[in-house]
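Let's work through some exercises on charged side chains. Have a look at the sequence and the structure, then try each task before you read its solution.

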Amino acid sequence: MKKVEDYITTIPDFPNPGIMFRDITSVLSDAEGFKLSIDEMTKLLDGLQFDVIAGTESRGFVFGTPIAYNEGKPFILVRKKGKLPRETVSATYDLEYGTATIEMHKDSIKPGQKVVLVDDLLATGGTMEAAAKLVEELGGEVVKMIFLLELKGLKGRERLSKYDVDSVVQYEGA
């Protein structure tokens, strides 16, 4: 029986020497691998009471929407600045070289709703921390953050320590 990590392709020295790039497109391009990844991420929610799933652009959409569908929950988009057509709330966060801004529709989360945040990768945690701030600004409660894979060496879990964080596959390095 294959595990999710069996579908992840590791590419050494990409994009720079010394980097071990974990490519999830090989998970998505294999029907069994994609199904297994969704099933395993969904298991991370067993027994959890929640109202909404929100995913960050763009791979959070890829994994979050089938999970929301399976769970019978609405799915909320967390997008890059300027991509949503109605009134939004925004959060800006630091990147390695510069900053980025993400947004949610102002009416996407109702006060008191319990929200699960989804993305493909936990690295430094900056994007997900900003997404959590948006949920909280709208009166929601982040009850869990789930990821397909986690690069433990980048310490994203430490940055998100006030949240319940879980991932299917963990790699020790960066």
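**Exercise 1.** In which strand does aspartate 23 lie? Find out whether aspartate 23 is buried or exposed, and look for its partners.

*Solution.* A note before we start: the model is predicted, so local features need pLDDT of at least 70 and side-chain atom pairs pLDDT 80 or more, while totals for chains, interfaces and linings use all residues. Residues are numbered from 1 along each chain as its sequence is written, and side-chain values use heavy atoms, leaving out hydrogens and water.

Step 1: Aspartate 23 belongs to strand β2, residues 20-23 (strands are DSSP runs of E, at least two residues, and helices are runs of H or I, at least four, numbered from the N terminus).

Step 2: Aspartate 23 is buried (buried means under 20% relative accessible area, exposed over 50%, partly exposed in between, with a 1.4 Å probe and protein chains only).

Step 3: Aspartate 23 has no salt bridge (a side-chain nitrogen of Lys or Arg within 4 Å of a carboxyl oxygen of Asp or Glu). The nearest side chain of opposite charge, arginine 59, is 5.0 Å away (Lys and Arg count as positive, Asp and Glu as negative; His and chain ends are not counted).

**Exercise 2.** Which side chain meets lysine 144 in a salt bridge?

*Solution.* Step 1: The partner is aspartate 166, at 3.5 Å from N to O.

Step 1: Lysine 144 is buried at 8% relative accessibility, and aspartate 166 is partly exposed at 24%.
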